[in-house]
Amino acid sequence: MNRNEVTEQVVLGRLRRGLTWQELADAIGRPLLWTTSALLGQHPIPAELGKVLVGMLGLDESAVPVLAAPPMRGGLPTAVPTDPTIYRFYEALQVYGGAIKEVIHEQFGDGIMSAINFSVDLQKKPHPSGDRVVVTFDGKFLPYQWDSARD
């Protein structure tokens, strides 16, 4: 069984059992978006947590080591995402990415935001004109470090 097959079983098991992503995250004491991303194949899930999830989802125990293995991260089916929800994030970064980069450099210096030392949160915010989606990326700043002795 490969990772794609396990991911498909996870999605089907969740739907079949009527479980929410939040219920799965709560069962293992991990954040909602991390758990959802992990179950969709983007993070390894420690075996002891994988056993809990496999049990809840009604999957075979042979899925546990597959869930625990380091995955091939990233990668979308197309270079430009076509799913409307994912595309809107892509579009927002096309519009605001340059400004975000400039302000990071202005406030922190020459560097990047880590996506490894990182957390992400999503909140629903009521608003008179329609509910708002609030997404927070929280990544450690990593300054570029140039070794002048190697130049």
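Leaving aside its neighbours within four places in sequence, which residues is Val133 in contact with? They are Leu122 and Gln123. Contact here means heavy atoms within 4.5 Å.

This is a predicted model, where local features need pLDDT of at least 70, side-chain atom pairs count only at pLDDT 80 or more, and totals for chains, interfaces and linings use all residues. Residues are numbered from 1 along each chain as its sequence is written, and side-chain values use heavy atoms, with hydrogens and water left out.

Stay with Val133. Strand β2, residues 132-143, holds this residue. Helices (H or I, at least four residues) and strands (E, at least two) are DSSP runs, numbered from the N terminus. Val133 has a relative accessible area of 62%, so it is exposed. The scale runs as follows: buried is under 20% relative accessible area, exposed is over 50%, and partly exposed lies in between (1.4 Å probe, protein chains only). Now follow the chain to Pro143. Val133 and Pro143 are 10 residues apart in sequence, and their C-alpha atoms are 30 Å apart in space.

Next come the annotated residues. The unreviewed UniProt entry places the feature "active site" at Arg88, Glu91 and Ser114. UniProt positions are given in the numbering used here, feature names are shortened, and annotations may be inferred rather than shown by experiment.

Arg88 sits in helix α6, residues 84-108. Its relative accessibility is 47%, so Arg88 counts as partly exposed.

Ser114 belongs to strand β1, residues 111-125. Ser114 counts as buried because its relative accessibility is 5%. Apart from neighbours within four places in sequence, Ser114 is in contact with Gly139, Lys140 and Leu142. The side chain of Ser114 also reaches the backbone nitrogen of Asn117 at 2.7 Å.

Key: Polar contact = N/O pair within 3.5 Å; in protein donor to acceptor, adjacent residues only side chain to side chain.
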